[in-house]
Each structure stands twice: as structure tokens, then as C-alpha cells.
Amino acid sequence: MSMLIHAATASDQRADRVPAAWSRWQAAGMVDPMLDRAMALAGLGAWSCNLADERLSWTSGVYELFGLPLETAIDRRETLAMYTEESRATLERLRALAIKRRGSFTLDAQIRRADGAPRWMRINGEVVCQADGTRLLHGMKQDVTEEKARFEALRRLAENDALTGLANRAIFEARFLNHDRAAPDLPVGALILFDLDGFKAINDRYGHLAGDACLQAFAERLAASFPEAVVSARIGGDEFAVILGDEPAPATVEAKIAAFAQRLRAPVAWQGHLFTIGATSGSAVPENRMCYDAEALFARADAALYVAKRTRRRRRTDRR
């Protein structure tokens, strides 16, 4: 097994040169074979780049991370093509800064392996100058795909309502109500609040599992009706909020609400029962989507919701 595998540049990519480069690194004894394999098993690999000619040198762990055979001759341009666009741009920026300052950098980057599988890797690099004057950028690459997946799962648990999958109240408050009015990070074109109609009656008669089924159906239909929303959240037992980031006209907001109401008319099936759910809404549109008073906007939408609920109750009473 190679202890440190050399990947040639574009001018040195003929297959007959790979074994020679391989032997040269092996003879140099730069990495012990057992250490090389142990690092690869742990998802780790060492790498270096000669800054004079951009030649890359990898231990076998880096090849395995990229999903490439050890015999592969590859230049830096081909390696960069395997990074996602965002990760590639960030890597090039941090790399250039480290070279300029003769410093170091750390980056979590996403790649797509040769077999198409997405992977995350943590890159550590630093610039060093060897005794002969050769400048190298070298460091470690570590597979952190599982770590990222665990973090994402924990983030979803912390930020999403466990029953509906929508954002929870804490996230709604953090991103909207508690934002800095002088420098908001959440543009708001419209705020819409919803209350389920008849939810308590279903809960009381059929139990919480039936109520949960209605809440889940409502949340699914809400997400489907407002796919462009920057936030869709469950902010109370049967209370929901939608924040639109664009600047829709009031008539557009009303049209979206009406389309959602139409979608809600489809019955919800639960253990042989069919439930019909509905919702009352109230909305508010700020004068400036980038500069607004979140609490005042919420109060306006809540007041509109209250008026709509009172009007609905009056109509029901009149029909009797």
C-alpha cells in the first residue's frame, strides 16, 4: 500500500507515470503504512499542495474520502470540481487568504464523491516553507458526514414542532418577534395568523390522537399552500403563523388564504372517522418589508384574526 499517494498535475497525468510517483513517496517514508491505514479507517487523510506547480499529495484516506482509486492521477482542478459551488468558493477564498498571510484555515466543505454520494469533510490547512525554499499548503481532511447528520437531527428537534414538523414558537420568536428592528435579518412582506375551527370539539369528543391527526393534516396543507413562506410555524396549540418574504398586494394575500381554505375542505381520515377542518385567519402587511415593528405587526394580525373570529361566531348565531 502506498504511504503517501502522489496525484500529478495536468501535464503529468499519463498512467505510466503514476507508479513511479507512487514508489517515490513510498521510498520517502513520509507516512508509516500502518498509520496511513489507521487514519483511513478513521476517515482521516493528510494532504499537501506544492504552491509552485499545484501538485497534490494525498494519503490513502483522502482518496477514500473522495471515492477515488489509489491509482488515480488527478490535478487540483479536477478535485475542485467535486466540491459544491458554495464550498468551492469558500475554500478558494480561505486558501488564498492563508497563502497571502502564510497562515492557516479550517473549513467544513461538502463534496460529491466520484460515485455521486454527497459527503462532508473538515479541512485543516496551513502554509509551510521547507528548507529548500519549497512552499507547501498542507493539512488534514476528515470525513464528518455522520457528525453533520447528527447535528442536523438535533437542530430539527430544537427548532421544529415535534408533531407537525413546522418551526416551533421559539424559532418564530427568535427570527421574527425578537429581531433587531434597526437591522432585521428576516424580510417580511406579510404576516398571516391562523386558528383552527372546531379543533376543541374534535379533541373533546374523540381524544388527543384525533386532534393530533387534524393538526398534522393542517400543517401539511399549510406548507403545501405557502411553499414560498420564509417561516411557517406552530405558535400555540391550534395556532399557526406564516411569514411571506415578498411584498404581495393585500389582494394576493387574500387569494392565497382563500386557496388554502379550499384545500382545507378535503376531509381528514382517522380510524374510520372523517373530520372536516377549517381555519380563521388574520393578516398584516408592513409598509417596509426590511424595516418594521414586529410586535406591532403581530398585534395588527392578531386583531384582524379576532375580528374574523367574532364575525364568524355572529354569522353562526344569526343562522340559528
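**Loop residues and nonpolar cores in a predicted model**

Arg-102 is placed in the loop between helix 5 (85–101) and strand 4 (104–112); helices (H or I, at least four residues) and strands (E, at least two) are DSSP runs, numbered from the N terminus. The structure is a predicted model, in which local features need pLDDT of at least 70 and side-chain atom pairs count only at pLDDT 80 or more, while totals for chains, interfaces and linings use all residues. Residues are numbered from 1 along each chain as its sequence is written, and side-chain values use heavy atoms, with hydrogens and water left out.

The phi angle of Arg-102 is near 55 degrees, a positive value in a residue other than glycine. Arg-102 counts as exposed because its relative accessibility is 65%; buried means under 20% relative accessible area, exposed over 50%, and partly exposed in between (1.4 Å probe, protein chains only). Glu-54, in the loop between strand 2 (44–50) and strand 3 (56–58), has a positive phi near 65 degrees. At 31% relative accessibility, Glu-54 is partly exposed.

The largest nonpolar core contains 29 residues. Such a core is a set of buried Ala, Val, Leu, Ile, Met, Phe, Trp, Tyr and Cys residues joined through side-chain atoms within 4.5 Å. Among the residues with the most contacts inside this core are Ile-192, Phe-218 and Val-242. Elements giving two or more residues to it include strand 7 (190–197), helix 9 (208–225) and strand 9 (239–244). Helix 9 gives the most, with eight residues. Another core, of 25 residues, lies apart from this one and includes Cys-49, Phe-66, Leu-68 and Met-121.
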